[in-house]
Amino acid sequence: CGALLLALAGATVASAQIDLVAQDFNAGLGSWTVSNASVTGTPPVATGQEWITSSGNYTTPSSGQIDNFDGSQFLLIDADTSGSATTTIDTTLTSPVFDGTTAPGTLELKFDQVHSIWQNEQLTVEVFDGATWQQVQLFDVNTSPGQGIWQPSTVVIDITSYKNAANQVRFRYLDPASWGWFAALDHISVHYYSGPQIAVAYPAV
């Protein structure tokens, strides 16, 4: 009994992360979808500029190098490739549907991102609450002045208040003909934590 009490005294408490959605793009888009409303020229015609998979330390034509996240594949929209301020880039990455109500407590959206904002571009993050899309994060010239964030960072957003049985998340990049720069995403997950769990270190006998 004494040995067990000593073991419990040195135990660590941890919660297990339960993913409802998890995507690292190493095998492509999977069940995620990309939509494209980008246009170019006068009169405007559709262009193929949209979220694409990329890897390595990608270099944009004029913005410089995008440091990769972990050496693996990620998702990228490079507005520099338009080469013209007459091109409007509007592309959206959307998750599959997931049941957020399975989370007994806090529900979190987590993702790695890196972006650079020139002037009018926006990267928005939205959650579908069962009825409408709700904006939960905005990256623009006000939140990322100058050249934005060149080193990847991890963003965690509490989306508990939007839980429903038909949840989705989406990432929209909009460059309204301002010859913008870029945005990149990786390691997207929607998750909750179960537990707590006690990891017991049993004493040697």
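# Core, aromatic pairs and strand pairing

The largest nonpolar core of this predicted model holds 30 residues, and those that touch the most other members are Trp51, Leu93, Leu109, Phe111, Phe171 and Ile188. Two or more residues of this core come from each of strands S8 (74-78), S9 (88-94), S10 (108-116), S11 (122-128), S12 (133-139), S13 (149-158), S14 (168-176) and S15 (182-199). The most is given by S15, which supplies 5 residues to this core. For the chain as a whole, the secondary structure amounts to 1 helix and 15 strands, and 39% of the 205 residues are buried.

**Packing and contacts**

- Leucine 93, one of the core residues that touch the most other members, has contacts beyond four places in sequence with Phe25, Leu29, Trp32, Thr33, Val34, Trp51, Leu75, Val169, Arg170, Phe171, Leu185 and Ile188.
- Of the contacts in the chain that join residues at least 6 apart in sequence, 78% are between residues at least 24 apart.

**Aromatic pairs**

- Across the whole structure, a search finds 3 aromatic pairs, including one between phenylalanine 111 and phenylalanine 171, which is edge-to-face with 5.1 Å centre to centre and 80° between the planes.
- Because phenylalanine 111 belongs to strand S10 and phenylalanine 171 to strand S14, this pair ties together parts of the chain that are 60 residues apart in sequence.
- Phenylalanine 111 and phenylalanine 171 are both buried, and both are listed among the residues of the largest core that touch the most other members.
- Another pair is formed by phenylalanine 128 and tryptophan 133, whose ring centres are 5.4 Å apart and whose planes stand at 50°, so this pair is classed as tilted.
- Phenylalanine 128 counts as buried because its relative accessibility is 17%, under the 20% cut-off, whereas tryptophan 133 has a relative accessible area of 25% and is therefore partly exposed.

**Charged side chains**

- Arginine 170 lies over the face of tryptophan 133, at 4.1 Å from the ring centre, and arginine 170 is also one of the residues that leucine 93 touches.
- Aspartate 90 is placed in strand S9 and, with a relative accessibility of 14%, counts as buried.
- The side chain of aspartate 90 makes a polar contact of 2.8 Å with the side chain of arginine 172.

Definitions and conventions
Residues are numbered from 1 along each chain as its sequence is written. This is a predicted model: local features need pLDDT of at least 70, side-chain atom pairs count only at pLDDT 80 or more; totals for chains, interfaces and linings use all residues. Side-chain values use heavy atoms; hydrogens and water are left out. A nonpolar core is a set of buried Ala, Val, Leu, Ile, Met, Phe, Trp, Tyr and Cys residues joined through side-chain atoms within 4.5 Å. Buried means under 20% relative accessible area, exposed over 50%, partly exposed in between (1.4 Å probe, protein chains only). Helices (H or I, at least four residues) and strands (E, at least two) are DSSP runs, numbered from the N terminus. Contact means heavy atoms within 4.5 Å. Rings of Phe, Tyr and Trp (its six-membered ring) pair if their centres lie within 6.5 Å; planes under 30 degrees apart count as stacked, over 60 as edge-to-face and the rest as tilted. A charge sits over a ring if NZ of Lys or CZ of Arg is within 6 Å of the ring centre and within 35 degrees of the ring normal. A polar contact is a pair of N or O atoms within 3.5 Å; within protein, one must be able to donate a hydrogen and the other to accept it, and residues adjacent in sequence count only if both atoms are side-chain atoms.
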